[in-house]
Amino acid sequence: MGTKTDDEAGADTGTEAKSDEETVEPSKSEEPAGTGAGTQPEAEAQDAAVTGAASPEAVAQDGDEHAEETAGAAKTPGAGQGAGAVVSAGLGVVSLTGSWVGTVAAARETLIGQLETSSSASVAKQVQEVYGDAWQATALVGGLFALAALIVGVFVLARPAFGVPGAPQPTWIKSVAWAGVVLGVVGLLLSVLKYTDVLLGLPSTG
């Protein structure tokens, strides 16, 4: 009478199994809610935050580098102004000391004078054709070099006014350019005086 049949034992076992399953199922259902669904959006949010924080810094750094390069380029007057100043001074020196162009021009005028002047011409005419024209040719070539030195020097000195506002011009460029201007003025003045025979004119033949 007190012994359970097999059917009753099976029913009890099934009831216990169901209760165990019901007990386990809530714990399984709670586990994805805490780990699976919440972890992925959280990781994506962290990645987005890291990316968003790094991008402005990179952009700002690139902007600073570009600004520094632009400022450095603006402060640098360039090699052109220095070269122009040196050329101006060189042309000024040539206008005072002479050049092979002036030598050839003078020799050419001397040759022309000898060919075109007859032996029966007056002494004054012969001197003018042979020597006077040659000296004037030398003065003319020297004046052209002096004028070129003056123009280049003035251009170099005035160049910063048409460049980047506030960009300083190095002192050595100003000094060399001013030297070219002064040499050009002196050379041009001497050339004019010699060409007009005011300076070192032809000797008197009378």
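The model is predicted: local features need pLDDT of at least 70, side-chain atom pairs count only at pLDDT 80 or more, and totals for chains, interfaces and linings use all residues. Residues are numbered from 1 along each chain as its sequence is written, and side-chain values use heavy atoms, with hydrogens and water left out.

**Exercise 1. State the secondary structure content and pattern of the protein chain.**

Solution. Step 1: helices (H or I, at least four residues) and strands (E, at least two) are DSSP runs, numbered from the N terminus. Step 2: the protein chain has 6 helices and 0 strands. Step 3: along the sequence the pattern reads α-α-α-α-α-α.

**Exercise 2. Describe burial, surface and contact range for the protein chain.**

Solution. Step 1: buried means under 20% relative accessible area, exposed over 50%, and partly exposed in between (1.4 Å probe, protein chains only). Of the 206 residues in the protein chain, 20% are buried. Step 2: accessible areas come from the Shrake-Rupley method with a 1.4 Å probe; for residues, only the protein chains shown count as cover. The protein chain exposes about 14000 Å², and 65% of this is supplied by carbon and sulfur atoms. Step 3: contact means heavy atoms within 4.5 Å. Taking contacts between residues at least 6 apart in sequence, 81% join residues at least 24 apart.

**Exercise 3. Classify the packing of helix 3 (residues 79-97) against helix 6 (residues 171-195).**

Solution. Step 1: axes are lines fitted to C-alpha atoms, for helices over the stretch in contact, and angles run from 0 to 180 degrees between N-to-C directions. The angle here is about 25 degrees, and the axes are 8 Å apart. Step 2: angles under 35 degrees count as roughly parallel, over 145 as roughly antiparallel, 65 to 115 as roughly perpendicular and the rest as oblique. Helix 3 is therefore roughly parallel to helix 6. Step 3: a crossing is left-handed if the near helix is turned anticlockwise from the far one by less than a right angle, and right-handed if clockwise. Helix 3 passes helix 6 in a left-handed crossing. Step 4: the residues that meet include Ala85, Val86 and Gly92 in helix 3, and Val176, Gly180 and Leu183 in helix 6. Step 5: Ala, Val, Leu, Ile, Met, Phe, Trp, Tyr, Cys and Pro count as nonpolar, Asp, Glu, Lys and Arg as charged, and the others, Gly among them, as polar. The contact of helix 3 with helix 6 has 13 nonpolar, 8 polar and no charged residues.

**Exercise 4. Repeat the analysis for helix 4 (100-116) and helix 5 (residues 123-158).**

Solution. Step 1: helix 4 and helix 5 pack at about 155 degrees, with axes 8 Å apart. Step 2: the two helices are therefore roughly antiparallel. Step 3: helix 4 passes helix 5 in a right-handed crossing. Step 4: among the contact residues are Glu109 of helix 4 and Glu129 and Asp133 of helix 5. By class, the contact of helix 4 with helix 5 has 7 nonpolar, 5 polar and 3 charged residues.
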